[in-house]
Amino acid sequence: MAKYLVKRILFSIFSLLVVVMVVMLLVYTFISRSVIFQTDDTWNKKSGNDRSIYEYTMYQKYGYLTYVDYMTFLANKYKDEVGEDYTKDKAFIADKNVIQKKDECMDNETVQEFIRYYAEKGYEIKYLEPETFKSGRVKPGGTGYLLAVHEKNPLLRLFDYVKGFITIEKKSDVQDEALTDDMRYVRFEKDPYSGLFAIVGSGTTHKYLLYFDNRFPFIHQNWLHINLGTSFTSYRGQEITTVITTPTGDIKPRMTQFPAKLGTDEWTESAINFHTLRYTTNVSEGDAELYPDNYTTGAYFRYGFSMLENSFVIGLIAVAIAYAVGLPLGMLMARRKDRLGDKIGNVYIIFIMAVPPLAYIFMFAALGTTVFKLPYKFANAQVKILAYVLPVLSLALRDIGGLMKWMRRYMIDQMNSDYVKFARAEGMSEREIYRIHISRNAMIYLVHGIPGTIIGCLVGAIITERVYAVPGVGNLLTRAINSHDNGIIVACTVFYTTLSIISLILGDLLLAAYDPRISLADEGGGRR
Amino acid sequence: MNNEPNVTVNDPNDDLFYFIDSDAIASEKIIAPRYSYWKSVFRVFFRKKVNIVMLILLALIVIVAFVMPRFWVYDPMENVTNAATFNLSPAQAMRYFGGFSLKWILGTGQLGNSIFYGIVASSRTSLMLCVICAAINMTVGIIIGALWGYSKKFDVVMLVIYNIIANVPDLLLISVLVYIVGSGFWPFVFALTVTGWLAIAYFFRTQVMIIRDREYSMASRCLGTPVRRVISKNILPFLTSVIVTLLATNLPGYISSELFLSYIGMGLSASVPSLGRMIGEAQNSFLTFPWAFWPPVAVASAITIILYVMGQNLADASDPRTHM
């Protein structure tokens, strides 16, 4: 069993990698990369060569290519030859200025050296010629640049992505000479904010690596960090994991004490969550009074749920309702096959199965808002709890239909089997037969999907969230695609694919646990 | 009882009896009620009144969707410069355009376009889309599924491919493809079919495997029947009802997919009239301008329900056990 699981998980990781690679190959090669700048104000403000250089920096940031500027090359070269004062060296200044002269540039020896060095490494040399007016004055943004550009190999891109996927904070993470080795540690400390203990680091990016507080799930960590990817356009530069787990509401100030003021009676109103403090190299004077160390930037407490929580809560309630209502109704339909109740149930099932989800969700929305006066758009609800009613019902009514259909189908299949006839011959009551034999056997087929439906709530619901304007994760991918946000597309691929792999494995395990006749590990014996 | 039979041979010239020749061909025939599979399927299918009603409705929709656009050209931009024609209710539209006309019977949309003509043109797209996609996916899926289930070597390769692709959510695959190949009619068909056949093939593989190892098929193989003949004569006829059931769920499924993808902005482009796009455009004001929203929803639902119910009933009818 353990061997089977390991094999299965390894194959899943392999297929995940293949999928990510295919998606990366598709989005990075087939989609024009200039879409990054469609909504970029900085790009709009720049012009000429400055704009091109900005483009190269962004391409590098988003993993399209790597480039080396001639200036960096020059600085390193002269630092080695002349020393720290190289900026005043005459040869350096001459070499630096030569790229602003179109005609002399290519004859310069250092430029030739640069070109040779990088051409050998497979870089492409790009010379952005200085743009001047007729008078000889340089146009705004027209300074010349010399670059060596290297387009990233898709395999290398995948490798970089996988390498940066999980980071674990270490005490040697912060690169700051002010922090000497004996000042770096990771240790247990008493946490003044929770009153309990916490694991605190110095030299790590975050100060509190593991801590307790009064928010669900009460134990939190900053130690292990998963980076699914960085948004290009829609959440410019933010990591997708941060986007979906940060509450969407306004900041939530409360009375608290800054770390340096602990122990005094100086209380301040602030929304900063001191458990999330991160290292900053240059501490402002104001901050130096409030914080005893360099850990001065933290996230804010916010009202409301995060996108992920919104989707998950709505989905989970809907799933719970669906199983609580759908299964008993399906059983009832099977027991009363071909009678009125069964016929009404069948009409409902056909409605749910055949009518496009888009259509019936709007029907529910219209019915709910006009007849029952329920709030339509999520954000406009006066009573917050009522805002959940329609989205939850829209999801639940669909799931109920599906569960009813399959429960009825499987129950009817079981009703004609020999063991039921035998049980009846033994004199068991119909109630007992249905409860003990038929429904349990029919459930075997449905058990497999349960982990999937629960984990699926993390993905959110696309139409429902759009119709009721729920701030959830359902539309992450669709919005990313509409705004050409390659970072999120790749992140979503990994997120969705991982969830679907986990649900399939859990489903199989649950099935094997529920039905002892099913053995996952045993592959022999059957037809091949 | 070993007595000689006491037979009296009559005079061959007797009028009452005469000899007949033994007919070698006729004696090979077994006398049984004539049974034609497809005839029985349709007999069972038409026994249900609801199917006849559905068929008439479907024929009506098909005729309207494919014949009418020849006479009425749908131009969504015809009144785009005249803001007075935007979002008119049926009554207002008919008053504005001078009296009753079929064109304005459902009012106008947000650019002064005729909703009715839009629906007719869009239903044509939807019907074509679902028939073409189903045809491609079913053909490819069934052929590959049959080989997949039959050949053990092919099975090993295909299972790896299937396990990789099955892990990817459909929506992700389709939307990334639409994002890459564009959103015209044929690119959209491509996106829906490039991996769409895989699930059908997998389902079919399992069915073929079950039948493949039945005794009669085994016997046929022992007698040296070629693979092609075993698949086409032994296995496929057995799976007709499976194919019809698959078709019944697939056909309306593509309409739902189009609706959904167009609604989220990843479906057909603006130049192709489609129900999904009409619904998506009208949804923001579906309480204020209901005439632009509910008709396309109703037509889409009607088409899918008709296809679904007819498909299910045809699938039931194609199961020989119902032919008694």
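Before you go on, a word on what is on screen. This is a predicted model, in which local features need pLDDT of at least 70 and side-chain atom pairs count only at pLDDT 80 or more, while totals for chains, interfaces and linings use all residues. Residues are numbered from 1 along each chain as its sequence is written, chains are lettered from A and ligands numbered from 1 in the order in which they are written, and side-chain values use heavy atoms, leaving out hydrogens and water.

**Stop 1: chain B as a whole**

Keep chain B selected and turn it around. Its radius of gyration is 29 Å, well over the 20 Å that the globule rule gives for 324 residues, so chain B is more spread out than a compact globule. (The radius is taken over C-alpha atoms, and the rule is 2.2 Å times the number of residues to the power 0.38.) Along the principal axes, the C-alpha atoms fill a box of roughly 110 × 60 × 30 Å.

Now colour by burial. Of the 324 residues in chain B, 44% are buried; buried means under 20% relative accessible area, exposed over 50%, and partly exposed in between, with a 1.4 Å probe and protein chains only.

**Stop 2: chain A as a whole**

Switch to chain A, and you'll find 21 helices and 13 strands. With a radius of gyration of 31 Å, well over the 24 Å from the globule rule for 528 residues, chain A is more spread out than a compact globule. Its C-alpha trace spans about 105 × 65 × 55 Å along the principal axes. Here, 44% of the 528 residues count as buried.

**Stop 3: a hairpin in chain A**

Select residues 185-190 and 197-202 of chain A. These are strand 5 and strand 6, which pair in the antiparallel sense over six bridges; two strands pair if DSSP finds at least two bridges between them. Pick V186(A) and look across: G201(A) in strand 6 stands opposite. Then move to the six residues between the strands, where G195(A) takes a positive phi near 85 degrees.

**Stop 4: a loop residue under cover**

Is N273(A) buried or exposed? Find it in the loop between strand 11 (268-270) and strand 12 (278-279) of chain A. At 5% relative accessibility, N273(A) counts as buried. Show its neighbours too: leaving aside residues up to four places away in sequence, N273(A) touches Y211(A), R215(A), G298(A), A299(A), Y300(A) and F301(A), a contact being heavy atoms within 4.5 Å.

**Stop 5: two positive phi angles**

Next, select D338(A), in the loop between helix 11 (307-335) and helix 12 (340-354) of chain A. Its phi is positive, about 70 degrees, although D338(A) is not a glycine. At 53% relative accessibility, D338(A) counts as exposed.

Finish at A469(A), in the loop between helix 19 (462-467) and helix 20 (476-482) of chain A. Although A469(A) is not a glycine, it has a positive phi of about 55 degrees. A469(A) is partly exposed, with a relative accessible area of 35%.

Note on methods: Helices (H or I, at least four residues) and strands (E, at least two) are DSSP runs, numbered from the N terminus.
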